[in-house]
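Please study the sequence and the predicted model shown below. Two exercises with worked solutions accompany them.

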Amino acid sequence: MKLKTTRRDRTCHQCKCSIARGSRYGQRSMTLGSKKDGQAETFDGTAIIVHQMRIKVDICEGCATSPTREGV
């Protein structure tokens, strides 16, 4: 994973530690939503189309370079 230098304080998504300004961190994308894009679901006769969404989360240098990827 490519690491960048942060310009502001951040929090690691995996271990919840703080990433200080000037430290190195990585970003990983997470998928929100468990269904495939465009899959329909009905609730009380109302059709709802569920979409997936990807967001980027910040990962500290220790979690980014560790051989085990817990919580991913």
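The exercises below concern the pairing of strands and a contact between charged side chains.

**Exercise 1.** Determine the order of the strands in the open sheet of 3 strands, and state which strands stand at the edges.

*Solution.* 
Step 1. Begin with strand β4, which covers residues 24–32 and is joined to β7 by 8 bridges, the two running antiparallel. Within this pairing, Thr31 has Arg54 of β7 as its bridge partner, and Met30 has Ile55.

Step 2. Turn to β1, which pairs with β4 over 2 bridges, again in the antiparallel sense. Here Lys4 stands opposite Tyr25 of β4.

**Exercise 2.** Find which side chains meet in a salt bridge, and decide whether each of the two residues is buried or exposed.

*Solution.* 

Step 1. Locate the partners. Arg10 belongs to strand β2 (residues 10–11) and Asp58 to strand β7, so the pair ties together parts that are 48 residues apart in sequence.

Step 2. Apply the cut-off for buried residues, which is under 20% relative accessible area. Arg10 has a relative accessibility of 13% and therefore counts as buried. Asp58, with a relative accessible area of 14%, is buried as well.

Conventions. Residues numbered from 1 in each chain as written. Predicted model: local features only at pLDDT ≥ 70, side-chain atom pairs only at ≥ 80, totals over all residues. Heavy atoms only, no water. Pairing = 2+ DSSP bridges. Helix = DSSP H or I, 4+ residues; strand = E, 2+ residues; numbered from the N terminus. Buried < 20%, exposed > 50% of the residue type's maximum accessible area, 1.4 Å probe, protein only.
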